[in-house]
Amino acid sequence: MTPNGIDFAASGGMPTGRFTNGRTIADIIGGLLAAVPGPEHHRRLDTERRELRVGRRGDPERDGQNLREPIGMDLQVDYFNITRKQLDDLLGRDRAREFLRKKAIFSVTIGSNDFLNNYLMPVLSVGTRVSESPDGFIDDLISHLRDQLTRLHTLDARKFVVANVGPLGCIPYQKTINRVDENECVKLPNQLAQQYNARLRDMLAELNAELPGARFCLANVYDLVLELITNYPKYGFQTAAMACCGNGGAYDGLVPCGPTSSMCDARDKYVFWDPYHPSEAANVLLAKYIVDGDSKYISPMNLRKLYSL
Ligand SMILES: *[C@@H]1O[C@H](CO)[C@@H](O)[C@H](O)[C@H]1NC(C)=O
């Protein structure tokens, strides 16, 4: 939906399914690591690019609220299974395997919507919230993700970058509905994110030990985004609280970005493009840390190193 993609050169400023004004983190990482063909070319291979969410329980009443209907991860791995066969046909089995194991990097960014559109939904998720402890909810998400990552490994995926969940309590949507001060974040969403992230870190360490040849890198998006939000003037931003595109409340965080939204003038001066997602300017900084940063932000190695192996 417009004006998403307004700064995305490859589409002439038209929306492409990316929920930001320009490039996503994955787009930028691709450009930093190698001279790759344009994004449309490898879109079919990069089934992880689009906004993901564990297809948890498939509850149609609750899933895909907030006007988005992201494709669940199970289905994305199904799609990759089909792409995998096409690669066999194209390159031959041996070369396809070699290519996937040595060259391909699988980017998995998942989880935020499970919290935002299920567990933290003010009214709809009350049933979930009272009947299920955060521990049980997080257990389900982690075990589901573990299964899907393992499936990818059986399909010859070896190099992964898995992003943890950002500081959900600091996004304009949460700050708006909970009416916190400009420099404050909402506590519960951040606690849930940190709890989930600790489990994710342990699970990836287990997979690194258990799955032959697997290299899972954890991108610490939580601390990265928090760094941008805390020190936003240092990075040239004017605000880390307001959404550039959106409406409602103190931070324009109530109504998602769409054709009738108000939009800021200086899109590169906002950490947040819309009530939920970082701007391209923020994504550029995040991508740089993930590619060349140290172990606080990307571990056990950065993507520059992962790519070279
Ligand atoms: C991929 O698809 C085939 C059927 O075409 C199926 O037998 C296999 O289990 C699938 N692999 C994964 C990892 O889903």
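**View 1. Pairing of strand β2 with strand β3 in a predicted model.** Strand β2 is joined by 5 bridges to strand β3 (residues 215-219), and the two run parallel; helices (H or I, at least four residues) and strands (E, at least two) are DSSP runs, numbered from the N terminus, and two strands pair if DSSP finds at least two bridges between them. Within β3, Phe216 is the bridge partner of Phe160. Residues are numbered from 1 along each chain as its sequence is written. The model is predicted, and local features need pLDDT of at least 70, side-chain atom pairs count only at pLDDT 80 or more, and totals for chains, interfaces and linings use all residues.

**View 2. Strand β1 and the sheet order.** Strand β1 (residues 105-109) pairs with β2 in the parallel sense over 5 bridges, and Ile105 stands opposite Lys159 in β2. The open sheet has 4 strands in the order β1-β2-β3-β6, with mixed pairing. Its edge strands are β1 and β6 (298-299), each of which pairs on one side only.

**View 3. Burial of strand β2.** In β2 (residues 159-163), 5 of the 5 residues are buried, so the strand is largely enclosed by the rest of the structure; a residue is buried if 20 or more other C-beta atoms, placed from the backbone, lie within 10 Å of its own. In a regular strand the side chains alternate between the two faces of the sheet. Here Lys159, Val161 and Ala163 point one way from β2, whereas Phe160 and Val162 point the other way, and all are buried.

**View 4. Helix α5.** Helix α5 (residues 112-119) is mostly covered, with 7 of its 8 residues buried. The buried residues of α5 are Ser112, Asn113, Asp114, Phe115, Leu116, Asn118 and Tyr119.

**View 5. Crossing of helices α10 and α11.** The axes of α10 (residues 221-230) and α11 (residues 280-292) come within 11 Å and cross at roughly 130°, where axes are lines fitted to C-alpha atoms, for helices over the stretch in contact, and angles run from 0 to 180 degrees between N-to-C directions. The helices α10 and α11 are therefore oblique to each other, given that angles under 35 degrees count as roughly parallel, over 145 as roughly antiparallel, 65 to 115 as roughly perpendicular and the rest as oblique. The contact is made by Val221, Leu224 and Leu228 of α10 and by Ala282, Leu285, Leu286 and Tyr289 of α11, two residues being in contact if their C-beta atoms, placed from the backbone, lie within 7 Å.

Conventions:
A residue is buried if 20 or more other C-beta atoms lie within 10 Å of its own, exposed if 12 or fewer, and partly exposed in between; C-beta atoms are placed from the backbone.
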